[in-house]
Amino acid sequence: MSSTELRRTALDATHRALGATMTDFAGWDMPLRYGSERDEHVAVRTRAGLFDLSHMGEITVTGPQAADLLNYALVGNIGSVKPGRARYTMICREDGGILDDLIVYRLGEAEAASSHYMVVANASNAQVVLDALTERAAGFDAEVRDDRDAYALLAVQGPESPAIVKSLTDADLDGLKYYAGLPGTVAGVPALIARTGYTGEDGFELFVKPEHAVELWQALTEAGEGAGLVPCGLSCRDTLRLEAGMPLYGHELTTELTPFDAGLGRVVKFEKEGDFVGRAALTEAASRAEQNPPRVLVGLVAEGRRVPRAGYRVVAGGEVIGEVTSGAPSPTLGKPIAMAYVDPAHAVPGTEGVGVDIRGSHEPYEVVALPFYKRQK
């Protein structure tokens, strides 16, 4: 494969047969939409959607000191994660800048002499994370393995997803909590069944061998026919996560920001034993954020119809007070919405006089608390 050739998932032919519009995403040829992205979005909010997420980067960390390595390499307390559970965390540079946000799954049994973890990185950062973990593993009795080609990842998201997946597995889904995973079979296919997602809805992410991806996709499609399940692309995944107030790397999270700048300082666990990469810089960042609060990530809801985009300036009283990080029309709210970092003085929900500079015109926006949408449990 040439360096310019896009990688294709095991479901590539399936997407094309379904008439998907394909796009280059982080070096992968991925489905953007199959028909109407609005219809796909609404299906996930009201019924169920099926996603191919095989572009995500899986990295396996094993060995007697796997937990020690991850505690040193990441900002979270991975040593406290119980088998079968998962944790949202971040990997930072020495200066505290965010390299990526991650989900770490602890697999295997607590009694095992060698711990087993799976780190799931964003597609655009998978190589960076792999390189950082490999470098940081020096001196630890642990192995870091690139398992990106070992997995295909399918996600079923939406209120009907538990019934759909339940019809295909004997695994105890009722006992499976949010941010937990268990091994089982789905439609006869061995899988890690994780109750995680990036849509704001209940749902499952199914890690399987690439050779089983098509078979599982077809089984899920058939099982979901009566429930209104539809295939969904990256476009509606973006509007779903935006409504749910979930950050996207490269937009709300960058190497220029620390977790404290992003309002996610809670993921940094200073109380864990030993040093970790970025500890000193993050201690300073935490103190700085307390004394002089950085810009705050807020929600903005349009009063008009014009859609704000990443990089647009947020204004008030003729001054620039912030910048939009993500923006799109919201199918659920029926209005354009955005996430933006703004000065603390303008971050309180209901603050008046705030607008977005859209091509020279200051369009009025309402400041709201995130998320824009929260599902009813």
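I count helices (H or I, at least four residues) and strands (E, at least two) as DSSP runs, numbered from the N terminus. With that settled, I looked up the fold and found eight helices and 20 strands in the protein chain.

**Ground rules.** This is a predicted model, so I keep local features to pLDDT of at least 70 and side-chain atom pairs to pLDDT 80 or more, while totals for chains, interfaces and linings use all residues. I number residues from 1 along each chain as its sequence is written, and side-chain values use heavy atoms, with hydrogens and water left out.

**Overall shape.** I checked the radius of gyration, taken over C-alpha atoms, against the globule rule of 2.2 Å times the number of residues to the power 0.38. For 377 residues a compact globule would come out near 21 Å, and the protein chain has 21 Å, which agrees. Along the principal axes, the C-alpha atoms fill a box of roughly 60 × 50 × 45 Å.

I call heavy atoms within 4.5 Å a contact. Of the contacts between residues at least 6 apart in sequence, 65% join residues at least 24 apart. For burial, I use relative accessible area: buried is under 20%, exposed over 50%, and partly exposed in between (1.4 Å probe, protein chains only).

**Salt bridges.** My criterion is a side-chain nitrogen of Lys or Arg within 4 Å of a carboxyl oxygen of Asp or Glu. The search of the whole structure gave me 18 salt bridges.

I went to Glu252 next, which forms a salt bridge with Arg241, the closest N and O atoms being 3.0 Å apart. Glu252 sits in the loop between α7 (234-243) and α8 (279-291) and Arg241 in helix α7, so the pair ties together parts that are 11 residues apart in sequence. Here, Glu252 is buried at 0% relative accessible area, and Arg241 is buried as well, at 1%.

Then I turned to Arg93 and Asp95, whose side chains meet in a salt bridge at 2.8 Å, N to O. Arg93 is partly exposed, with a relative accessible area of 29%, and Asp95 is partly exposed too, at 45%.

Asp275 and Arg279 form a salt bridge at 4.0 Å, N to O. I noted Asp275 as exposed, at 52% relative accessibility.

Last, I followed a network of salt bridges that links Arg8, Asp12, Arg16 and Asp29.
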